[in-house]
Amino acid sequence: QAQLVESGGGSVQPGGSLRLSCAASGNTLSSLYRGWFRQAPVEQREGVAAIFTRSGSTIYADSVKGRFTIYQASAKNTLYLQINSLDPNDSAMYYCAAGPTTYTPSTLSLLDSRAYDYWGQGTQVTVSS
């Protein structure tokens, strides 16, 4: 059974850091790529970072470049998102997602939620003083 389980969210002060984790199991272990998304209340879900599982190549949204780092464990069973210099605008539910296990031609950006087949339940990040 495919499963993604996020952890590591919490409440932090502006300027602080968090590391989010996403444990993959089942089919998601073979996903070609994985990503992190966030969604604040009354906002659309936003892709913030993605990584190709095999090569480790990464993609970031312009809004988080230089502050967010996506990486995976050497066994590729855990995905991480290191978030630095947190700002109240970063407050959101953060979701881990995994793409398909086989290649299918697509023009979708890896920061587009439609490119993903599997989703976790999310972990809340709240930034306030």
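The largest nonpolar core has 25 residues, and among them Trp-36, Phe-68, Ile-70, Leu-81 and Tyr-94 touch the most other members. A nonpolar core here is a set of buried Ala, Val, Leu, Ile, Met, Phe, Trp, Tyr and Cys residues joined through side-chain atoms within 4.5 Å. Please keep in mind that this is a predicted model, in which local features need pLDDT of at least 70, side-chain atom pairs count only at pLDDT 80 or more, and totals for chains, interfaces and linings use all residues. Residues are numbered from 1 along each chain as its sequence is written, and side-chain values use heavy atoms, with hydrogens and water left out.

- Leu-81 is in contact (heavy atoms within 4.5 Å) with Leu-18, Arg-19, Leu-20, Trp-36, Val-48, Ala-49, Phe-68, Thr-69, Ile-70 and Tyr-94, not counting residues up to four places away in sequence.
- There is also a second, separate core of seven residues, including Phe-37, Ala-50, Ala-97 and Leu-110.

- For the burial terms, buried means under 20% relative accessible area, exposed over 50%, and partly exposed in between (1.4 Å probe, protein chains only).
- Strand β7 pairs with β8 (residues 78-83) in the antiparallel sense, over five bridges; two strands pair if DSSP finds at least two bridges between them.
- Gln-72 has Leu-79 in β8 as its bridge partner.
- Five residues lie between the strands in the hairpin of β7 and β8, where Lys-76 takes a positive phi near 60°.

**The disulfide**

- How many disulfides are there? The count comes to one, where a disulfide is a pair of cysteine sulfur atoms within 2.5 Å.
- This disulfide joins Cys-22 to Cys-96, with 2.1 Å from S to S.
- Cys-22 lies in strand β3 (residues 18-25) and Cys-96 in strand β9 (residues 92-98), so the pair ties together parts that are 74 residues apart in sequence.
- The link of Cys-22 and Cys-96 is left-handed, with -75° about the S-S bond.
- Cys-22 is buried at a relative accessible area of 1%, and Cys-96 is buried at 0%.

**Salt bridges**

- Side chains of opposite charge can pair when their charged atoms come close.
- The structure holds five salt bridges, each being a side-chain nitrogen of Lys or Arg within 4 Å of a carboxyl oxygen of Asp or Glu.
- Asp-90 and Arg-38 form a salt bridge, with their closest N and O atoms 2.9 Å apart.
- Asp-90 sits in the loop between β8 and β9 and Arg-38 in strand β4 (residues 33-39), so this pair ties together parts that are 52 residues apart in sequence.
- Both partners are buried: Asp-90 has 2% relative accessibility, and Arg-38 has 8%.
- A network of salt bridges links Arg-38, Glu-46, Arg-67 and Asp-90.
- Lys-65 forms a salt bridge with Asp-62, the closest N and O atoms being 3.1 Å apart, and both of these residues are exposed.
- Arg-114 and Asp-112 meet through their side chains in a salt bridge at 2.7 Å, N to O; Arg-114 is exposed at 62% relative accessibility, whereas Asp-112 is buried at 17%.

- Thr-123 lies in strand β11 (residues 123-127) and is buried, at 10% relative accessibility.
- The side chain of Thr-123 reaches the backbone nitrogen of Gly-9 at 3.0 Å.
- Leaving out residues up to four places away in sequence, Thr-123 touches Glu-6, Ser-7, Gly-8, Gly-9, Leu-20, Ala-92, Met-93 and Tyr-94.
- Gly-122 lies in the loop between β10 (118-119) and β11 and is partly exposed, with a relative accessible area of 22%.
- With residues up to four places away in sequence again left out, Gly-122 touches Glu-6, Met-93, Tyr-94 and Tyr-95.
- The C-alpha atoms of Gly-122 and Thr-28 are separated by 16 Å, and these residues are 94 residues apart along the chain.

Definitions and conventions. Helix = DSSP H or I, 4+ residues; strand = E, 2+ residues; numbered from the N terminus. Polar contact = N/O pair within 3.5 Å; in protein donor to acceptor, adjacent residues only side chain to side chain.
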